[in-house]
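Subject: Structure handover

Hi,

Here is the structure I promised to pass on.

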Amino acid sequence: MFSTTPSIADNGLAVLEDPGNDFIAQQVVPLTTEGRLPQAAVDARNEHSGEISTEDLAEFDRRVSGEEPVNAADAAEEWRSANGC
């Protein structure tokens, strides 16, 4: 189970501490094919990618794959608007 899995919060599960670093951290790396996005989109991605929390990713997952899924672009726009980006 990934730390961004919405069912953690949905089912009241506890996320355990890992003081021994026994599990590899899950890092999100936004990737795109070079030349595929306009430079403004690349700049926005680079500027804001560090602002997205694990909780944000879990909510994004819920929005795009939950009971009433929305388009990923719409979910991203909701996050952007809510976070003043």
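**His48 and its surroundings**

Beyond the neighbours within four places in sequence, His48 touches Trp79 and Cys85, where contact means heavy atoms within 4.5 Å. This is a predicted model, in which local features need pLDDT of at least 70 and side-chain atom pairs count only at pLDDT 80 or more, while totals for chains, interfaces and linings use all residues. Residues are numbered from 1 along each chain as its sequence is written, and side-chain values use heavy atoms, with hydrogens and water left out.

His48 belongs to helix α2, residues 39-48 (helices are DSSP runs of H or I with at least four residues, numbered from the N terminus). With a relative accessible area of 15%, His48 is buried; buried means under 20% and exposed over 50%, using a 1.4 Å probe and protein chains only.

**Pockets**

His48 also turns up at the largest pocket: of the 23 lining residues, His48, Ser49, Ile52, Leu57 and Trp79 lie nearest the centre. A pocket here is an open set of points on a 1 Å grid over the protein atoms alone where a 1.4 Å probe fits, with protein on both sides within 12 Å along at least five of seven lines, and lining residues have an atom within 4 Å of a point. The space in this largest pocket is about 740 Å³, a volume being the space filled by probe spheres set on the points. Helices α2, α3 (54-65) and α4 (72-82) each supply at least two lining residues, and α4 gives the most, with five.

The second largest pocket holds about 470 Å³. Its lining has 18 residues, with Ser3, Val15, Leu16, Asp18 and Phe23 nearest the centre.

**α3 against α4**

How do you describe two packed helices? By the angle between their axes and the distance between the axes. For α3 and α4, the axes come within 9 Å and cross at roughly 140 degrees (axes are lines fitted to C-alpha atoms over the stretch in contact, with angles from 0 to 180 degrees between N-to-C directions). On the α3 side, Asp56, Phe60, Arg63 and Val64 meet Ala72, Ala75, Ala76, Glu78 and Trp79 of α4.

**One more residue**

Ala25 sits in the loop between α1 (7-10) and α2 and counts as exposed, at 53% relative accessibility.

Best wishes
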